[in-house]
Amino acid sequence: MLNKVAVVPGSFDPITNGHLDIIRRAADIFDIVYVAVMNNSSKRPLFDVQERMDLIKEVTNSLSNVKVESSSGLLINYAKSKNANAIIRGLRAVSDFEYEMQITAMNRFLDEHIETFFIMTQNKHSFLSSSIVKEVSQYGGNIHGLVPDLVEDALKEKYKQKLDRK
Ligand code: ADP
């Protein structure tokens, strides 16, 4: 039987426990999961693509069917190049919904054979985002438990570097 392949795309700047939970659950269902660090967003990232990929690789290394890559083009082209059956997105609050509907409709327009699936986040991750974690971390707040320990250390290091430069 052919492998079922899923792509989990995002900025992952940096990966949080919310992302990780979605990746783990996708890896339970699909044979191969590609985590795609997308590099074409207009956002100015804190971590460069390689750093983001390295963090994801470390925290997913116990999941043997998860592969971490980056892509700077259209997500749908990346998904096609992997022969993906599905794109997986996480859903938090209702506020995610409208944006996700729009992206899903566009991706379906571009390729109707690749289905988008949504995994609802766990309640404890509902209000968790990379941006809020960065905001709090930047001002020295405690983010323990919201991101993997490795990411917590990487954030501390980043902001220390930033402060050092001033
Ligand atoms: P993007 O810039 O594409 O929104 P993100 O890195 O912010 O990328 O998120 C990637 C995916 O992870 C999206 O589907 C997003 O909804 C999901 N996600 C982000 N935070 C959480 C969370 N706390 N719980 C579940 N899913 C999440």
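User: In this predicted model, which residue in β5 is the bridge partner of Arg-89?

Analyst: Let's start with the strands. β4 covers residues 86-91 and β5 covers residues 115-120, and the two pair in the parallel sense over six bridges. Ile-88 stands opposite Phe-117 in β5. For Arg-89, the bridge partner in β5 is Phe-118.

User: Which helix makes a β-α-β unit with β4 and β5, and what is its handedness?

Analyst: The helix is α4, residues 95-110. Together with β4 and β5, α4 makes a unit that is right-handed.

User: What is the order of the strands in the open sheet?

Analyst: Five strands form this sheet, and the pairing is parallel. β3 (66-71) and β5 each have a single partner strand, so they stand at the edges, with one side of each left without a neighbour in the sheet. Neighbouring strands are turned by 30° against each other on average, ignoring direction. Reading across, the order is β3-β2-β1-β4-β5.

User: Is Phe-109 buried or exposed?

Analyst: Phe-109 sits in helix α4. The cut-off for exposed is over 50% relative accessible area. Phe-109 comes in at 68% relative accessibility, so it counts as exposed.

Conventions
Residues numbered from 1 in each chain as written. Predicted model: local features only at pLDDT ≥ 70, side-chain atom pairs only at ≥ 80, totals over all residues. Heavy atoms only, no water. Pairing = 2+ DSSP bridges. Helix = DSSP H or I, 4+ residues; strand = E, 2+ residues; numbered from the N terminus. Right-handed = clockwise from strand over helix to strand, strands pointing away. Buried < 20%, exposed > 50% of the residue type's maximum accessible area, 1.4 Å probe, protein only. Axes fitted to C-alpha atoms, helices over the stretch in contact; angles between N-to-C directions.
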